[in-house]
Amino acid sequence: MFLTRRFYIVAALVILCIASGYLWSPMFIVGKALLWLFLAAMVVDIVLLWVSSPRGEGRRGLSAFRQMADRFSNGDDNEVRLRIENSYPFAVKVEVIDEIPFVFQRRDICFRATIAKEEAVTIKYQLHPTRRGTYGFGHIRAFAASPVGLLQRRHTLGEPQDVKVYPSFLMLHQYELLAISNNLTELGIKRIRRVGHHTDFEQIKDYVAGDDFRTINWKASARRSKLMVNVYQDERSQHIYNVIDKGRVMQQAFRQMTLLDYAINASLVLSYIAMNKEDRAGLITFNEQFDSFVPASKQPGHLQLLMDTLYAQQTTFGETDYSSLVVNLNKHVNKRSLIVLYTNFTGLVSLKRQLPFLQQINSRHRLLVVFFEDEQLKEYITAHHSPLNAHPTTESYYRHVMAERFVYEQRLIVSTLRQYGILSLLTTPQQLSVDVINRYLEMKSQQLI
């Protein structure tokens with residue numbers, strides 16, 4: 001039993017009436033009458049909430065259950081629904097608290113509603129996980145108040161349940177149109193220019209205005225006595241491997257998610273796009289040693305295998321071993337493939353330490369190195385030049401120079417990789433998925449894979 005705000009307000013009025021009897025004696029009589037009415041109202045409230053039997057056998061006045069997906073998408077908003085049913089013979093005011101996983105650290109999952117007799121309400125809210133793993137939900141706590149409104153009865157409803165947070169699979173539907181049409185301009189995110197021609201012959205069709213004259217099939221045109229053109233499509237069954245560095249350099253956080261989480265989400269989306277383009281997608285993870293390997297495939301159920309493999313990946317505090325990656329890559333991947341390597345560099349020195357291994361990979365495959373620029377560092381540099389920062393200190397000058405040096409070294413890393421014939425992509429964690437997909441489509445159109 002819990003006391004409501006109305007209880008304290010009425011109790012305070014009764015006490016004031018009785019206390020005012022010291023100034024004017026008739027108020028004692030009024031105060032006593034109000035006290036008895038107050039006690040009677042409490043008894044009625046107790047009877048309504050605890051003694052009155054709701055219709056239907058085994059019903060307790062309120063019932064509730066939680067509706068949500070079997071798995072959550074990491075880094076996305078996931079909807080949770082609470083269905084509250086009232087079997088009291090009167091309307092009740094309820095306060096509902098859902099026991100969400102403690103990792104969210106939210107104190108606003110508390111909802112108020114009025115439910116009519118024999119009716120139900122559905123409460124919706126969203127959770128935004130930033131870490132993969134298993135999350136545990138507790139009970140649904142509902143506090144019911146009768147029309148009297150002096151007391152509340154607590155109902156413990158629902159059952160505890162666990163939900164697994166997987167890499168962001170909601171992004172797959174966001175980019176599904178992209179995989180079919182190659183046209184990101186419709187989504188407002190395309191920044192590349194299509195260059196060159198596709199290489200696999202598909203069909204011969206009638207010429208229409210706008211077709212490239214270079215694709216005219218003169219023999220077919222002579223037989224049909226009208227212009228016919230060859231239609232080409234993207235080369236298929238190419239092998240695409242997402243290689244994810246799980247070392248300490250990927251532990252850096254951006255908007256509560258690590259770089260590893262962003263890389264995992266991007267690799268899942270790229271695999272989905274590649275499989276829709278009839279390519280074969282594979283996965284490799286490594287840190288101090290060669291860790292996970294999923295051969296490239298496009299068979300049904302392969303995407304779920306990739307998702308299950310990525311689900312439990314975690315960063316370590318060790319230094320990644322690129323020599324182990326090279327040895328095992330040569331051992332497991334025989335066909336020339338596109339290797340998309342997700343990693344990060346602390347500076348030009350760290351790149352030069354790994355450069356010989358990157359050259360070995362690039363000699364047998366087409367290597368695309370994806371690493372991250374620090375948005376917070378760029379914001380700091382911009383703020384230093386702001387007119388608001390009119391009186392910088394000596395320490396701030398040193399900090400500014402170091403920040404600009406780091407940003408310069410990132411651009412130098414891109415230039416160094418280009419000198420050695422290695423493709424690179426410097427992007428922000430937020431734009432990672434879009435930029436990787438763009439680069440993949442660009443490479444296919446330019447026949448670079």
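**Reading helices, cores and cysteines**

Alanine 403 lies in helix H11, residues 394–419.

Colleague: What should I know about helices and strands here, and how many are there?

Modeller: They are DSSP runs, H or I of at least four residues for helices and E of at least two for strands, numbered from the N terminus. The protein has 12 helices and 21 strands. Mind that this is a predicted model, where local features need pLDDT of at least 70, side-chain atom pairs count only at pLDDT 80 or more, and totals for chains, interfaces and linings use all residues. Residues are numbered from 1 along each chain as its sequence is written, and side-chain values use heavy atoms, with hydrogens and water left out.

Colleague: Is alanine 403 buried or exposed?

Modeller: Buried means under 20% relative accessible area, exposed over 50%, and partly exposed in between, with a 1.4 Å probe and protein chains only. Alanine 403 counts as buried because its relative accessibility is 4%. Across the protein, 47% of the 449 residues count as buried.

Colleague: Which residues touch the most other members of the largest nonpolar core?

Modeller: Such a core is a set of buried Ala, Val, Leu, Ile, Met, Phe, Trp, Tyr and Cys residues joined through side-chain atoms within 4.5 Å. The largest has 44 residues, and Ile244, Tyr342, Val370, Leu432 and Tyr440 touch the most other members. H6 gives the most to this core, 13 residues. A second, separate core of 36 residues includes Phe38 and Phe72. Back at leucine 432, the residues touched include Tyr262, Tyr342 and Phe372, leaving aside those up to four places away in sequence.

Colleague: And how many disulfides are there?

Modeller: A disulfide is a covalent bond between the sulfur atoms of two cysteines. The rule used is a pair of cysteine sulfur atoms within 2.5 Å, and the count comes to zero. Cysteine 17 has 16% relative accessibility, so cysteine 17 counts as buried. Cysteine 110, at 28%, counts as partly exposed.

Notes
Contact means heavy atoms within 4.5 Å.
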